[in-house]
Amino acid sequence: MIRDITIGQYYPTDSVIHRLDPRTKLVWTLAYIFSLFLFRSFASYVVATVLLVTVIKISKVPFKFMVKGMKAVVILLLITVVFNLFLIPGTTLVQIWKLRITYEGLNTAVFMALRLTYLIIGSSVMTLTTTPNQLTDGMEKGLAPLNKIHVPVHDVAMMMSIALRFIPILLEETDKIMKAQMARGADFESGNLITKAKNMIPLLVPLFISAFRRANDLAMAMEARGYYGGEGRTKMRPLVYQKNDRIAYAILPVYLIAMFAAKKIVGI
Amino acid sequence: MSIKLEHINYIYGEETAYEKHALKDINLEIPDGQFVGIIGHTGSGKSTLIQHLNGLIKATSGVIYYNGENIYAEGYSMKELRSHVGLVFQYPEYQLFEADVLSDVCFGPKNLGLSEEEVKMRSLEALHQVGLKEKYYDKSPFDLSGGQKRRVAIAGILAMHPEVLILDEPTAGLDPKGRDDILDQIAKLHKERGITVILVSHSMEDVAKYVDRIIVMDHGCMKFDGEPKKVFEHYKELESIGLSAPQVTYVMQDLKEKGFDVDVHAITVEEAKQSILQVFGMKVKKNGSEENV
C-alpha cells in the first residue's frame, strides 16, 4: 500500500543518462528549471518539450514512471490553474455568470500548468536516474569550494544521504507496523479527523521508537568503523568527468541559446 | 470450518523495475484444529503467504475462502476476519505502543468493541496463558526482554480469541530456553483451546517437534506438503533449497547406511533414542552377550 509511493525513486537500469556524473545532472536540472522561468514563450516551451522527451527516451525509464510522480501534485496543479484562470483581470474571453476567463488568465494558467509539470518531470528525471548516494556525492563535490568559508559541506551531505537512505526503510517499517496493528483490529481509515489522529498513536509510537533505535545503531556502527567526519576522507569511487559529461555540458549552452532564440524569433 | 486457498498469485510492485512474483499458484487447505508448520528460506514467500490468510495482503489473483466464504467478496468484513485469524508478527516492536503491558494487550479486544470488563478479563487470561508473570503487567513493554516482549505480543492476539493463530517466526532471536518455553506454551494452547495454529519458521528442529503437517516454501511455490516424517524423507532436496532436516534425521540416515536397522523416520531426539535402543536391545538378545558398539 504505502510502497506504491514512487516520486523520484531511483529506477535501476543502464542508460547514458544513468551513467552521467551526478554533478552534470544537477547542473543540467538547475539550468532546465531556470530556463523554464526565464524564457516564457510557447516557442521556447516547444524546445523544452523536445529536450525533455529526448532525455526521457534516452534514460530508458518508462514514461509511466515519470507521470506517477505527477499524481501527488495534481490537486496543487488544479488549484493553480483555476485561480489563474478566473482571477486575472484583462480582456474577457468567456463569461459564465460571475466567473470570467480572460485572455491573460488563460495564458498564465497554461504556462503555470506547463511549468509545474515540466519542473516536476524534469527533476524526477534526475532522481529516477541517480541513486541518492550519487546525488549527495555530487552535491558534496560540487559544493566543496564552500568549505573555504566554513560551510560543513561534507556533514550536510552525509546527513542528507542518511536521511534519503532511511526514507524507504521507514516507509517499509510503517507498512509493517500498520499491518501488525491492523491484525489487532486497528482502523486507520474511518472516523473524523480527531479520531483518525488518535488512531495514529499505535502507529507512531512504534515508528518513532524504531527510528530512534536505528539512528542509535547507525551512529554506533559508523563510529565503530572509524568515522569522524569529512576531514581527510577519501572516496572509494571518486567522481571524475567522462567524455559524456563533457558532451552534456557542451549541449547546455546550445539548449539555452535555442530557448532564447525561439523566444526572440517566434515571439510568442 | 477451514481456510482454503485457490490459485493464489501475488506479485510485489507489479509493472515496476522491482517486480517480484512472490507467490505462484498456491493451492492449500488448512482444516480446523491442525498444527501446521510453514518452512522456507528467507524470501521464499512464507511471510507473504500468511499475510494473505487474514487479508492484510490482497492476492493479485486467486480466491481465499474462510469457513467457505470468499474473503474477497464485496461486503466481507476484513475486520471480522482479522478477529478470527490472529497474526503475530515476527518483531514485537512493531506492535507494542502502550505505556504498560496490560493496556497493550487490551488494544486488540478493545477494537472488537467488547465491554471493559470483558476486555480486561480476556487480557489477563491471555497474559496468563503465555506465561508472563504478574509483576510485569504494569511495566512498560519496552523495558521487557526480547522473550517477554514476544509473549506480550502473542497475548495481544490471543486476547482476541482467534480461531486460527498464525505466528511468524515466534522464536527468532531468542535463546534456546526462551524458544522452548514459547513453543511449549503454543503447543499447550493448541491442545487446550483446540485452535488452529500456523507456525512459520526456518528452523526444522523447532517445527519437527510440534506440528502435524509441514508446508515447505521455495521461491514462491509450495515444494512439499505433508506429515513431518514424509517431508523429511526429502532431506537431500531440502538441503538443495537451503534448508535442512532435523539433525537426528541425519544421524538415523547415517546409522541406516552403516547397516543398523533403525527407523529413519524418527524426527525428534526422543523417537531416535527409542529406535536405537530397540535395535540394540534386539542385538543383545541375539548374541546372548553384551556387545559394546
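Helices here are DSSP runs of H or I with at least four residues, numbered from the N terminus. By that count, B:Leu114 sits in the loop between α3 (101–111) and α4 (116–129) of chain B. The model is predicted.

**Chain B overall**

- Chain B contains 11 helices and 10 strands.
- Its C-alpha atoms fill a box of roughly 70 × 50 × 35 Å along the principal axes.
- Of the 293 residues in chain B, 42% are buried.
- Take the contacts in chain B with a separation of 6 or more: 61% of them join residues 24 or more positions apart.

**The four-stranded sheet of chain B**

- Four strands of chain B make an open sheet, ordered β2-β1-β4-β5, with antiparallel pairing.
- The edges are β2 (20–31) and β5 (69–70) of chain B, and each pairs on one side only.
- Five bridges link β1 (residues 2–12) and β4 (residues 61–66) of chain B in the antiparallel sense.
- Across from B:Ile3 stands B:Tyr66 in β4(B).
- Helix α1 (residues 46–53) of chain B lies across β1, β2 and β4 of chain B. Its angle to β2(B) is about 55°.

**B:Gly62, a residue of that sheet**

- B:Gly62 belongs to strand β4 of chain B.
- B:Gly62 has 17 C-beta neighbours inside 10 Å, so it counts as partly exposed.
- Leaving aside neighbours within four places in sequence, B:Gly62 is in contact with B:Leu5, B:Glu6, B:His7, B:Ile8 and B:Asn9.
- B:Tyr10 is 52 residues from B:Gly62 along the chain, yet their C-alpha atoms are separated by 8.9 Å.

**The six-stranded sheet of chain B**

- Six strands of chain B form an open sheet in the order β6-β7-β8-β3-β9-β10, and the pairing is mixed.
- β6 (85–88) and β10 (221–226) of chain B have a single partner strand each, so one side of each lacks a neighbour in the sheet.
- On average, neighbouring strands of this sheet are turned by 15° against each other, direction ignored.
- β7 (residues 164–168) and β8 (residues 196–201) of chain B run parallel and are joined by five bridges.
- B:Val164 faces B:Thr196 in β8(B), standing opposite this residue.

- Helix α3(B) is mostly covered, with 10 of its 11 residues buried.
- The buried residues of α3(B) include B:Val101, B:Leu102, B:Cys106 and B:Phe107. B:Asp104 and B:Lys110 are also among them.
- These buried residues pack against α4 and α5 (146–158) of chain B, and against α10 of chain A.
- B:Gly113 follows α3(B) and has a positive phi, near 80°.
- B:Leu114 counts as partly exposed because it has 18 C-beta neighbours inside 10 Å, and 20 or more are needed for a buried residue.
- Not counting residues up to four places away in sequence, B:Leu114 touches B:Pro109 and B:Val119.

**Helices α8 and α10 of chain A**

- The axes of α8 (residues 153–182) and α10 (residues 201–224) of chain A come within 9 Å and cross at roughly 140°.
- α8(A) and α10(A) are therefore oblique to each other, as angles must be over 145 degrees to count as roughly antiparallel.
- The crossing of α8(A) past α10(A) is right-handed.
- On α8(A), the contact is made by A:Leu170, A:Glu173, A:Thr174, A:Ile177, A:Met178 and A:Gln181.
- On α10(A), the contact residues are A:Pro202, A:Leu203, A:Pro206, A:Leu207, A:Ser210 and A:Ala211.
- By class, this contact of α8(A) with α10(A) has eight nonpolar, three polar and one charged residues.

**Where chain A meets chain B**

- The contact draws 20 residues from chain A and 24 residues from chain B.
- On the chain A side, α8 and α10 are the elements that give two or more residues.
- By class, that side of chain A has 12 nonpolar, four polar and four charged residues.

Definitions and conventions
Residues are numbered from 1 along each chain as its sequence is written. Chains are lettered from A and ligands numbered from 1 in the order in which they are written. This is a predicted model: local features need pLDDT of at least 70, side-chain atom pairs count only at pLDDT 80 or more; totals for chains, interfaces and linings use all residues. Two strands pair if DSSP finds at least two bridges between them. Two residues are in contact if their C-beta atoms, placed from the backbone, lie within 7 Å. Axes are lines fitted to C-alpha atoms, for helices over the stretch in contact, and angles run from 0 to 180 degrees between N-to-C directions. Angles under 35 degrees count as roughly parallel, over 145 as roughly antiparallel, 65 to 115 as roughly perpendicular and the rest as oblique. A crossing is left-handed if the near helix is turned anticlockwise from the far one by less than a right angle, and right-handed if clockwise. Ala, Val, Leu, Ile, Met, Phe, Trp, Tyr, Cys and Pro count as nonpolar, Asp, Glu, Lys and Arg as charged, and the others, Gly among them, as polar. A residue is buried if 20 or more other C-beta atoms lie within 10 Å of its own, exposed if 12 or fewer, and partly exposed in between; C-beta atoms are placed from the backbone.
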